[in-house]
Amino acid sequence: MLALSHLSKRYGTLQALRDLSFAVEQGEIFGFVGANGAGKTTTMRIALGVLDADAGSVLWDGTPITFASRRRIGYMPEERGLYPKMTVIAQLEYFARLHGLNRGAAHAAALPLLELLGLADRARSQLQALSHGNQQRVQLAAALVSAPELLVLDEPFAGLDPVAVDAMSDVLRAQADAGKPVLLSSHQLDIVERLCGRVGIINHGAMVACGTVAELTARGPVRFWVDVPNAGPGWFDGVHGATLIEHDGPSWLIQLADGTDEQGVLQAGLAVGPVREFRRDRPSLTELFRSVMTETSTNA
Amino acid sequence: MLDARTTFLDAMRLTLVVAAREFTVRIRSRVFIITTVLAVLGIGGYILLQAYVFNKPAVLNVGFVGGAEQLAAPARADMASLGITVTTHKVSTVADGKGEVSSGTLDTLVSGSATAPVLTVQTSADGTLQTVLTDLAREEVLNGLLAQHGIPAADIDRALAATSVQVDTLTKPLSAASVQEIVIGVLVSGTLYISMLVYGQLVAAGVIEEKSNRIVEILLTTVRPWQLLLGKIAGIGLLALAQVAAVAVVGVVMAAATRVVTVPTVGVAVAVGGGVWLVLGYLMYAFAFAAAGSMVSRQEDVSSVSMPVILVLVAAWVITLSVVPYSPSSTATTVLSLIPLMSPLVMPVRIATGDISLWQAVVGVVLAIATIYVLAAVSGRIYRNSVLRMGGRVRLGQALGLRGSAMAGASGASDAPAARDHLM
């Protein structure tokens, strides 16, 4: 488990992180989201141990991350970096060797990984001959080639097409399924929503929301979409605590006050005619993110 | 203890992995292959030119016919004393002789009489031969006139033979061998100068490459800055050594085979000394170039940021060229050869001319190593503080860690965990 506790970091006058805490469990993909400059990259660098926090601690399986243990971490920085004129395979072997593998093991590790990422036929190409998406796959391969026990990936999906996103998601899910903690950041909230077991939203260096996708989207008001073709205005007036939010033809979005039973609304609907649809309105992660950002900004 | 040793071995292993990448990637590059081939062809061509054009022995084939024949022996002797070899041929008729001049087997035909020789040549007569023959003919005329007045020719010859100009030399002249030694020394020194300049800038460009494509951020998660710096300098240094060795081997073998160089004893000392001073000189300048490179983030800035280092190197070369070849054993040369940053360029000349004592050689090497140590420490610090600072040019004060800054944490990134490691 990777546990970050009470991290604070200041760059001159800028408070980059404020008392930030969260943990990534074994086999869990933790998605880290936030606006540009919110502190994601700083957090990841601190998690990796290449940057020191002013306060707080990072513990991996109970011990601080050292220079030696960093070899067991796969890291994909926000600023991509590979050698343009080196071949793909030589590049991966080099990173594997810097993580402590010998020449034979490095070669043995690189080939199947390229196979897995669909790059086997490009193994002997120079990196600069590859498309942007394929270069990004090589970057992921470079993070995975040493068979790391922890993955820290800064914006792994940036600039990828949907097919490449799926391929990369599959690989990350497989890594998590093998029991590794995976910490990633992304601006693509739909991918985070699909892929990540838990999500942390960071704003101005502080964690403003953290939990499973279900927990986060369950926050906020309880609203239901009810599709009642025969209903006219005021059909649910009898239900105490129900208010209309939106009305679009036969579809009604109704918000329920705390403690209001949604079955009352359903019965009121059935009383005026058939109910074609009755479903909980869950905000997407994107909507949640927007509302959280607005809340915390106005509070700040 | 064992842990410390394992850590050290592991650190060395990582440095070697870095060095191996630098070496193998670059040695396969087209630029390296082309420049090496050109350098080898250049040195080979230079030696062949020396061997077959400039050093071509001047042998003059001169045919004598009729009365002029008695000039053959004295002409050959006089020409030999002037350093020109003449082969004399006896020709039966003037027509035959002219035929041989046209066909090229003879350079010159001397016909006519001993007192009035006639030269037949293809286009122009050899000036020295013409002068020598004129003198000989005049001597014959003079001998004839004196004989008419009863003075025997033998007496005159005896008197003339005893007459010569005496030369007093105040300074010992340079022998052909010592000129050759100086030329060899300057050639080696020039090779070192070019290598240090080219490969030093390659180090700067390599540092900037890793910084500009941000790969350094990944590298520094598992490699310490000093390992990365040392590995890069070692790998590129081996490349320089390989290229110089290729040129040197071709040069030495061809020079020996064509007998352009006739001072073989110098060879071993110059080869070993040149190799040692290439390594020392390269290391001095490479650390400085690496530090300069780490302070900028864009490849376009490589020349401006390495300019101070280049200026020092060029100045050292200009001073070397303007002092050392003209007075290889002077005090000035001795002093210059001991000054670090200059010594790699001056020492090869002193080794070639054999004007160096053992203690001076040792002092020179020790001073160079001390300088490398200091430069490596300062460059290591600049590199460590600058290599993760992206964006604009890093100020020297920040690079040396003299001024605190917002990004101090990022720059010292790999150090703090290192310190923790040592405590554990």
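## A guided tour of chains A and B

Begin by selecting α12(B) and α13(B), which pack at an angle of about 130° with their axes 7 Å apart. Axes here are lines fitted to C-alpha atoms, for helices over the stretch in contact, and angles run from 0 to 180 degrees between N-to-C directions. Helices (H or I, at least four residues) and strands (E, at least two) are DSSP runs, numbered from the N terminus. The angle makes α12(B) oblique to α13(B); angles under 35 degrees count as roughly parallel, over 145 as roughly antiparallel, 65 to 115 as roughly perpendicular and the rest as oblique.

The model is a predicted one, in which local features need pLDDT of at least 70 and side-chain atom pairs count only at pLDDT 80 or more, while totals for chains, interfaces and linings use all residues. Residues are numbered from 1 along each chain as its sequence is written, and chains are lettered from A and ligands numbered from 1 in the order in which they are written.

**The α12–α13 pair of chain B**

α12(B) passes α13(B) in a left-handed crossing. A crossing is left-handed if the near helix is turned anticlockwise from the far one by less than a right angle, and right-handed if clockwise. To display the contact, select Thr333(B), Leu336(B), Ser337(B) and Leu338(B) on α12(B), then Ser343(B), Val346(B), Met347(B) and Arg350(B) on α13(B). Two residues are in contact if their C-beta atoms, placed from the backbone, lie within 7 Å. By class, these residues divide into four nonpolar, three polar and one charged. Ala, Val, Leu, Ile, Met, Phe, Trp, Tyr, Cys and Pro count as nonpolar, Asp, Glu, Lys and Arg as charged, and the others, Gly among them, as polar.

Next, select Leu341(B), in the loop between α12 (331-338) and α13 (343-353) of chain B. Leu341(B) has a positive phi of about 65°, although it is not a glycine. Most residues other than glycine have a negative phi. With 18 other C-beta atoms within 10 Å, Leu341(B) is partly exposed. A residue is buried if 20 or more other C-beta atoms lie within 10 Å of its own, exposed if 12 or fewer, and partly exposed in between.

**The α3–α5 pair of chain B**

Move to helix α3 (residues 72-81) and helix α5 (residues 127-148) of chain B, whose axes come within 10 Å and cross at roughly 130°. α3(B) and α5(B) are therefore oblique to each other, and their crossing is right-handed. α3(B) contributes Pro74(B), Ala75(B), Asp78(B) and Met79(B) to the contact, and α5(B) contributes Thr128(B), Leu129(B), Val132(B), Leu133(B) and Leu136(B). The contact comprises seven nonpolar, one polar and one charged residues.

**The nonpolar cores**

Now select Leu183(A) and Ala290(B), the residues with the most contacts inside the largest nonpolar core, which has 149 residues. A nonpolar core is a set of buried Ala, Val, Leu, Ile, Met, Phe, Trp, Tyr and Cys residues joined through C-beta atoms within 7 Å. Helix α10 (residues 264-294) of chain B supplies the largest share of this core, 15 residues. Around Ala290(B), highlight Val203(B), Ala204(B), Val207(B), Leu229(B), Lys232(B), Ile233(B), Ser379(B) and Tyr383(B), which Ala290(B) touches, not counting residues up to four places away in sequence. A second, separate core of 18 residues includes Met79(B), Val86(B), Val91(B) and Leu129(B).

**Stops in chain A**

Select helix α1 (residues 40-48) of chain A: nine of its nine residues are buried, so α1(A) is largely enclosed by the rest of the structure. The buried residues include Lys40(A), Arg45(A) and Leu48(A). Just after α1(A), Gly49(A) takes a positive phi of about 90°.

With 13 C-beta neighbours inside 10 Å, Asp61(A) counts as partly exposed.

Then select helix α2 (residues 88-98) and helix α4 (residues 132-144) of chain A, which pack at an angle of about 30° with their axes 8 Å apart. That makes α2(A) roughly parallel to α4(A). The crossing is right-handed. Val88(A), Gln91(A), Leu92(A) and Phe95(A) of α2(A) meet Val138(A), Ala141(A) and Ala142(A) of α4(A). This contact has six nonpolar, one polar and no charged residues.

**Whole chains**

Finally, view each chain entire. Chain A has nine helices and 14 strands, and buried residues make up 41% of its 300 residues. Chain B has 17 helices and four strands, and buried residues make up 37% of its 424 residues.
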